[in-house]
Amino acid sequence: MLGLRGCRLLLVYPEILEMQIRAILGAAIDVAAMGVRAKPEIMMPLVGTMGELDRLHAQTTEVANTIFKERGKRVPYKFGTMIEIPRACLISDEIATKAEFFSFGTNDLTQTILGISRDDAQKSFLSQYVEMKIIPNDPFQVLDREGVGAMMRISIEKGRKTRPDLKIGICGEHGGDPSSIAFCDEIGLTYVSPSTYRVPVARLAAAQAVLAGGERDR
């Protein structure tokens, strides 16, 4: 889970990155010719250092410019990153100099902050921890506000200090949990991205969070 994957794979095998950017921007150009105004967002996963992000940004820009030159047309796109490891939270002010948006990958962020493997923990001890009241909830189902949430707050504060209009959201199981969505609204996230079957629940929870926020403001 924490080996050669995410941006690490793209940096070791840059042809994968080029293939994906060509597919994304090529499709955007194709649909633009049909009158569809696509706005692709290219998001780099598992970034933890500026060395990674700088190289990925340079490679993305180079490939994009090549595609635009080949096709004779440009389309707007945004470059961003997933925040999935603690170090990324702590250097979010630097990351925001290149990233135009963040998306918290809360599944991996929970793993890396709590030091537990999602698959192993859920099968072996997390359910017992909840039953024994060692923890209130499975942290992969309900966002851990004191730990993971605290790191998210740090990242949001640092990122928006550099880029005040920074778009920030989450993706993962927490994006479909009502209490986690309420917390995301509280800390100023822009959106949540749940799995498909949880979209109706997420939309309702997001609406309730907004209404509750209005009550708090009054």
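Helices (H or I, at least four residues) and strands (E, at least two) are DSSP runs, numbered from the N terminus. The model on the screen is predicted: local features need pLDDT of at least 70, side-chain atom pairs count only at pLDDT 80 or more, and totals for chains, interfaces and linings use all residues. Residues are numbered from 1 along each chain as its sequence is written, and side-chain values use heavy atoms, with hydrogens and water left out.

**Stop 1: helix H6**

Select Asn-107, which has its place in helix H6, residues 106-114. Is Asn-107 buried or exposed? Asn-107 counts as buried because its relative accessible area is 18%; buried means under 20% relative accessible area, exposed over 50%, and partly exposed in between, with a 1.4 Å probe and protein chains only. Next, display the contacts of this residue, where contact means heavy atoms within 4.5 Å. Not counting residues up to four places away in sequence, Asn-107 touches Arg-118, Phe-140, Gly-172, Glu-173 and His-174.

Move along H6 to Gln-111, which is found in this helix. Gln-111 is buried because its relative accessibility is 6%. Its contacts, leaving aside neighbours within four places in sequence, are Met-1, Ile-116, Ser-117, Arg-118 and Phe-140.

Now select the whole of H6. The buried residues there are Thr-106, Asn-107, Asp-108, Leu-109, Thr-110 and Gln-111. Which elements cover the buried residues of H6? The cover includes E2, helix H4 (86-90), E3, helix H7 (118-124), H9 and E4. After H6 comes Gly-115, with a positive phi near 70°.

**Stop 2: strand E3**

Select residues 101-105, which form strand E3; 5 of its 5 residues are buried. Both faces of E3 are covered, with Phe-101, Ser-103 and Gly-105 on one side and Phe-102 and Phe-104 on the other.

Strand E2 (residues 78-83) runs parallel to E3, and 3 bridges join them. In this pairing, Ile-83 stands opposite Phe-104. Strand E4 (residues 167-171) is also parallel to E3, joined to it by 5 bridges. Here Phe-101 stands opposite Lys-167.

Within E3, select Ser-103. Ser-103 is buried because its relative accessible area is 1%. Apart from neighbours within four places in sequence, Ser-103 is in contact with Met-43, Thr-81, Met-82, Ile-83, Gly-169, Ile-170, Cys-171 and Tyr-191.

**Stop 3: the nonpolar core**

A nonpolar core is a set of buried Ala, Val, Leu, Ile, Met, Phe, Trp, Tyr and Cys residues joined through side-chain atoms within 4.5 Å. How many residues does the largest nonpolar core have? It has 43, and those with the most contacts inside it are Ile-95, Phe-104, Met-152 and Leu-189. Helix H3 (residues 50-71) gives the most to this core, with 7 residues.

Select Phe-104 and show its surroundings. Beyond four places in sequence, Phe-104 touches residues including Ile-83, Leu-109, Met-152, Ile-168 and Leu-189.

**Stop 4: the largest pocket**

Rolling a probe the size of a water molecule over the atoms shows where empty space is left. On a 1 Å grid over the protein atoms alone, a pocket is an open set of points where a 1.4 Å probe fits, with protein on both sides within 12 Å along at least five of seven lines; lining residues have an atom within 4 Å of a point. The largest pocket holds about 220 Å³ of space. To find its centre, select Ile-135, Pro-136, Asn-137, Pro-139 and Asp-144, the closest to it of the 15 lining residues. Helix H8 (126-131) and helix H9 (145-162) each give two or more residues to the lining.

**Stop 5: two positive phi values**

Most residues other than glycine have a negative phi. Select Leu-46, which is not a glycine and has a positive phi of about 60°. Leu-46 lies in the loop between strand E1 (41-44) and H3, and is buried, with a relative accessible area of 1%. Finally, select Lys-133, in the loop between H8 and H9. Its phi is also positive, near 65°, and Lys-133 is exposed, with a relative accessible area of 73%.

Key: Two strands pair if DSSP finds at least two bridges between them. Grid points are joined across faces, edges and corners, and a volume is the space filled by probe spheres set on the points.
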